Amino acid sequence: MTNLIVEISKYLMILLMAVYTYANFRFFSFPDMERKRKVCARQNRAMFAIHFLAYLVMFLKTEDEGMQAMLLAFYGAQVVFFLCYIYLYRLLYRNVSRLLVNNACMLLCVGFIMLTRLSMAKGLDKALRQFAIVVISAALAWLVPYIMERVWQLYKLQWVYAGAGLLILLVVWAAGNESFGAQLSLTIAGVSIQPSEFVKLTFVFFAASMFYQSTDFKTIFLTTAVAGAHVLVLVLSKDLGSALIFFVTYLLMLFVATGSWLYLITGSALGTGAALAAYQLFDHVRRRVSAWSNPWADIENKGYQITQSLFAIGTGGWFGMGLCQGMPGKIPVVEKDFIFSAVSEEMGAIFAICVLLICLGCFIQFMMIAARMQAVFYKLIAFGLGVEYIVQVFLTVGGVTKFIPSTGVTLPFVSYGGSSILGTFLLFGIIQGLYILKRNDEEETGEEVMP
């Protein structure tokens, strides 16, 4: 009976995920807010149904009564959190983007499901830790729109953003903890923090502040020098995934601010040259490229992680093995960089593609907000944060599918990691703040309401 429920629930979850994803894009086609709200309500029902089915399967697949009790309690805590997050956001901010709230919850839901499944053998340690971080991060993110509504001089703090960001990155380079060949984190009071997740935000604010005030050659030269210093410190720390995110984000922000193809082409050429130089300079970069180009040549060593990822994705096929039916634990660091492989193996390629489409829906919403903002400063912030988000998604998925070499970055809201979770919550909070500001202005002036 349990196997029958597991099999049926697998297809039901895929169907519900497809319904949710369709609604994610159907939302943009409706002109009136009432129909948009109905679409969002349909998304909520689909998400809670997927959540229930997943935990039902995990409950049935374990015979340990203690673990079953923990699963029930953990499931109940998540339901309370999701309800609070959805409805308190609406209560606190009347003009909140319900679509972004829903998508954040859906991605968190997928992350909780997979982390619970992966940590069941260890008493749900990582899943519980992630849940605690999510609750704290959500509470902090709720404050961001409130601050943005009341602080109007953010564009004047460009050197605060630059100085703080560079100082933090330099500290990590000088005294950071090494992980997989790169200096990524600092340990403070026993807690490991990856500062680059937060410097990504100050970096965008710095570039937006500078370009808002001027786009003359002197300003562009100075801004590029500071941005280049950020990237250089990250390269010296061997955090090449973050360095690539910073570089691409700055280059595209520069192009949008100036409209100059010369800057875009020149920057792209310099970036290509820097990538070739990094390959020659850093041994761990060469190992990753070697593992990417031919992982089968050293399947038991350098190519082990990527080959296990490909085996997992291939084994899952379109419809997946079903929760608790696969072997995602064989992939090293599966709960972080390679969480997408675990989703593909047990939930199926269709479900995994829907996760990517939800991420794409978030990016589209970011770009729509950027396009509608009148203040160039806010426009550039929304654009820059959107680029950072989608580039990180691309690097994560590209790495686990062998489309590009692995860069060691996480899938936002889905992967395990406290700094990544808090940084993504703050990013979404800033975007929500911009959306709320624009909606409030539209109501006051009688403009067409932004979706």
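The model is predicted.

Helix 1 covers residues 2-26 and helix 4 covers residues 98-119. Their axes lie 11 Å apart, and the packing angle is about 155 degrees. Angles over 145 degrees count as roughly antiparallel, so helix 1 runs roughly antiparallel to helix 4. The crossing of these two helices is left-handed. Which residues meet there? From helix 1 come Met17, Tyr20 and Asn24. From helix 4 come Leu99, Asn102, Asn103, Met106 and Val110.

Helix 4 has another partner, helix 5, at residues 125-150. Here the axes come within 7 Å and cross at roughly 150 degrees. Helix 4 and helix 5 are therefore roughly antiparallel to each other as well. On the helix 4 side, the contact is made by Leu108, Phe112, Leu115, Thr116 and Ser119. Helix 5 brings Asp125, Lys126, Ala127, Gln130, Phe131 and Val134.

Now move on to helix 6, residues 158-175. Next, look around the helix. Its buried residues are Gln158, Tyr161, Ala162, Gly165, Leu166, Leu169 and Val172. These residues cover an arc of only 120 degrees around the axis, so they sit on the same side of helix 6. The other side carries exposed residues: Val160, Leu167, Ala174 and Ala175.

Most residues other than glycine have a negative phi. Val333 has a positive value, near 55 degrees, and is not a glycine. Where is Val333? Its loop runs between helix 12 (304-316) and helix 13 (339-347). Is Val333 buried or exposed? The relative accessible area of Val333 is 19%. Buried means under 20%, so Val333 counts as buried.

Phe413 also has a positive phi, of about 70 degrees, although Phe413 is not a glycine. This residue belongs to the loop between helix 15 (376-400) and helix 16 (418-445). With a relative accessible area of 1%, Phe413 is buried.

Lys200 lies in helix 7, residues 196-213. Which residues does Lys200 touch? Setting aside residues up to four places away in sequence, Lys200 touches Ile245, Phe246, Glu388 and Gln392.

Phe383 is found in helix 15. Its relative accessible area is 15%, so Phe383 is buried too. Phe383 and Val204 are 179 residues apart along the chain. Their C-alpha atoms are separated by 9.1 Å. What else is in contact with Phe383? Leaving aside neighbours within four places in sequence, Phe383 is in contact with Leu252, Met253, Val256, Met367 and Ala370.

Technical notes
Residues are numbered from 1 along each chain as its sequence is written. This is a predicted model: local features need pLDDT of at least 70, side-chain atom pairs count only at pLDDT 80 or more; totals for chains, interfaces and linings use all residues. Side-chain values use heavy atoms; hydrogens and water are left out. Helices (H or I, at least four residues) and strands (E, at least two) are DSSP runs, numbered from the N terminus. The expected span of a helix is 1.5 Å times one less than its number of residues. Buried means under 20% relative accessible area, exposed over 50%, partly exposed in between (1.4 Å probe, protein chains only). The arc is that of the directions from the helix axis to the C-beta atoms. Axes are lines fitted to C-alpha atoms, for helices over the stretch in contact, and angles run from 0 to 180 degrees between N-to-C directions. Angles under 35 degrees count as roughly parallel, over 145 as roughly antiparallel, 65 to 115 as roughly perpendicular and the rest as oblique. A crossing is left-handed if the near helix is turned anticlockwise from the far one by less than a right angle, and right-handed if clockwise. Contact means heavy atoms within 4.5 Å.
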